[in-house]
Amino acid sequence: MSTQKFVLAGVMGNPVAHSRSPVIHNHWIAQYHLKGSYVLLPVEPANLHDALKGLKALGFAGCNVTIPHKVEAMKAMDWLHPVAKQMGAINTIVVQPDGALHGFNNDGYGYIQCIKDSKPDWRADTGPITVLGAGGAARAIVLSLINEGAKEIRLLNRTKEKAQALADEFGSSVKVLNWSERNNALSNIAMLVNTTNQGMHGQPDLDIKLDDLPASALVSDAIYIPLETPLLVAAKARGNKTVNGLGMLLNQARPAFEAWYGVLPEITPELHKAIAATF
Ligand code: NAP
């Protein structure tokens, strides 16, 4: 009989049924012939702290944390990775052998890695980067772009105050423009990033004209449902290189899986197929 331990992990959120994380992690558990399971953990906000305390008792190696718990869950951590502190949110918890809870945020890592996967010679400092949106995804992406050496980030959000708050926190490389200036904010840029929910399944298309976008600019969208948002379709039609949001989701999962299961997993065409089958 195998002595390999059965390792439990999961994703804690509310709602959480739509999460693709079980598909990703259970695919890797099977691929690497490990014993374990990755499950959905629907937890109401009022029960979050009790649920987190219960992870050790239930034998969990850890879990992912998603909306609306990413900020509140930080308070229950015994230790926070410096990047998680910088982000002000966690997306991964690793239960230590003594029961201590360690909090990480791999969203920014996942974003940068997915850009490098599709353009290995990509650098953050080759020209201005325009980022649309100032929510949770924007926070992770803007911070990781700065950490990668971005010199000028033009940040535009429908609610300007939220963009300004990020700029005030992240420093002088972030320049806030009005949402009404979004069409002109594309001139001379090396990269355009959509972190708004516009273009996501069930939402209207992102309202933007790409006329000023240089042909050399990389266009990325954090959205992965659909895989090709109307923004990416329009950019591709103009000849721009595009990167969809699935790579960010897959790459943020790799270090978490390694922490829980001891294997740094690969993103294979089979994994892409397994995810595509859920859309
Ligand atoms: P969020 O915190 O709720 O932020 C939503 C953003 O969309 C805000 O900037 C909001 O602007 C903007 N927005 C909403 N309605 C708008 C409209 N009608 N016109 C212009 N802007 C509008 O959400 P989030 O967590 O950042 O997620 C944003 C998107 O990223 C979602 O589609 C999500 O699926 C995706 N995402 C992907 C990954 C990944 O791994 N690929 C990870 C995280 C998120 P206001 O501030 O004005 O409301």
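Predicted model: local features only at pLDDT ≥ 70, side-chain atom pairs only at ≥ 80, totals over all residues.
Q: How many residues surround the ligand, and which are the closest?
A: The ligand is surrounded by 22 residues. The closest are Ala137, Asn157, Thr159, Lys162 and Gly245.

Q: What is the shell made of, by class?
A: The shell around the ligand has 10 nonpolar residues, 10 polar residues and two charged residues.

Q: Which helices supply residues of that shell?
A: Helix H5 (136–147) and helix H8 (246–261) do, each with at least two residues.

Q: What lies 2.8 Å from an oxygen atom of the ligand?
A: A backbone N or O atom of Ala137 lies at that distance. For Ala222, a backbone N or O atom is 2.9 Å from a nitrogen atom of the ligand. A backbone N or O atom of Leu249 is 3.4 Å from a ligand oxygen atom.

Q: And how much of the ligand does the protein bury?
A: The protein buries 76% of the 920 Å² that the ligand exposes when taken alone.

Q: Turning to the sheet, what is the strand order?
A: The order is S2-S1-S3-S5-S6-S4, in an open sheet of six strands with mixed pairing.

Q: Why is one side of strand S2 and of strand S4 left without a neighbour?
A: Strand S2 (36–42) and strand S4 (79–80) stand at the edges and each has a single partner strand, so one side of each has no neighbour in the sheet.

Q: How do S1 and S3 run, parallel or antiparallel?
A: Strand S1 (residues 7–13) and strand S3 (residues 60–65) run parallel, joined by five bridges.

Q: Which residue in S3 is the bridge partner of Val11?
A: The partner of Val11 is Asn64.

Conventions
Residues numbered from 1 in each chain as written. Heavy atoms only, no water. Near = heavy atom within 4 Å. Polar contact = N/O pair within 3.5 Å; in protein donor to acceptor, adjacent residues only side chain to side chain. Areas by Shrake-Rupley, 256 points an atom, 1.4 Å probe, with all protein chains shown as cover. Helix = DSSP H or I, 4+ residues; strand = E, 2+ residues; numbered from the N terminus. Nonpolar A, V, L, I, M, F, W, Y, C, P; charged D, E, K, R; others polar. Pairing = 2+ DSSP bridges.
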